[in-house]
Amino acid sequence: HVQLVESGGGSVQAGRSLRLSCDVSGHIDRNWCMGWFRQAPGKEREGVAAIFDDGSAMYGDSVKGRFIISRDNAKNTLYLQMVSLKPEDTAMYYCAADSLPCTVTAGISGHEYEYWGQGTQVTVS
């Protein structure tokens, strides 16, 4: 009964910024694991970021220092602020949610998310 819808993608020049949003319908508890993934054509899905219930986050090595994940529980929205975008950031970006908490041991990509959005395209040139 949970639905995720991403928005905010687009085409930008290298070095610019974008903020992606993931609107959540249905009930999400505060301790649900929420994350962002991306997938470029012909490549494996890559974990970008995940956020814990206390607001702390984990990031993939390729985006550390450039991307920030956050969640607004009042608006039921997950965000990914992306700065200093690079051409290699070009991908379809997906948000994901799961009823179990994020864990450090699972890391960015190890958590098995139950719910996924349709994705929003980010193109950097």
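## Basis

Helices (H or I, at least four residues) and strands (E, at least two) are DSSP runs, numbered from the N terminus. Two strands pair if DSSP finds at least two bridges between them.

The model is predicted: local features need pLDDT of at least 70, side-chain atom pairs count only at pLDDT 80 or more, and totals for chains, interfaces and linings use all residues. Residues are numbered from 1 along each chain as its sequence is written, and side-chain values use heavy atoms, with hydrogens and water left out.

Four strands form an open sheet in the order 1-3-8-7, with antiparallel pairing. Strand 1 (3-7) and strand 7 (67-72) are the edge strands, each pairing on one side only.

Strand 7 pairs with strand 8 (residues 77-82) in the antiparallel sense, over six bridges. Asp72 stands opposite Thr77 in strand 8.

## The salt-bridge network

The whole structure holds four salt bridges (a side-chain nitrogen of Lys or Arg within 4 Å of a carboxyl oxygen of Asp or Glu). Arg38, Glu46, Arg66 and Asp89 are linked in a network of them.

Arg38 meets Asp89 in a salt bridge at 2.9 Å, N to O. This pair links distant parts of the chain: Arg38 is in strand 4 (residues 33-39), Asp89 in the loop between strand 8 and strand 9 (91-98), 51 residues apart. Glu46 also bridges to Arg38, with the closest N and O atoms 2.8 Å apart.

Asp89 forms a salt bridge with Arg66 as well, at 2.7 Å between the closest N and O atoms. Arg66 lies in the loop between strand 6 (57-59) and strand 7, so the Asp89 pair ties together parts that are 23 residues apart in sequence.

## Exposure

Buried means under 20% relative accessible area, exposed over 50%, partly exposed in between (1.4 Å probe, protein chains only). Asp89 is buried at 0%, Arg38 is buried at 5%, and Arg66 is buried at 10%. Glu46 is partly exposed at 30%.
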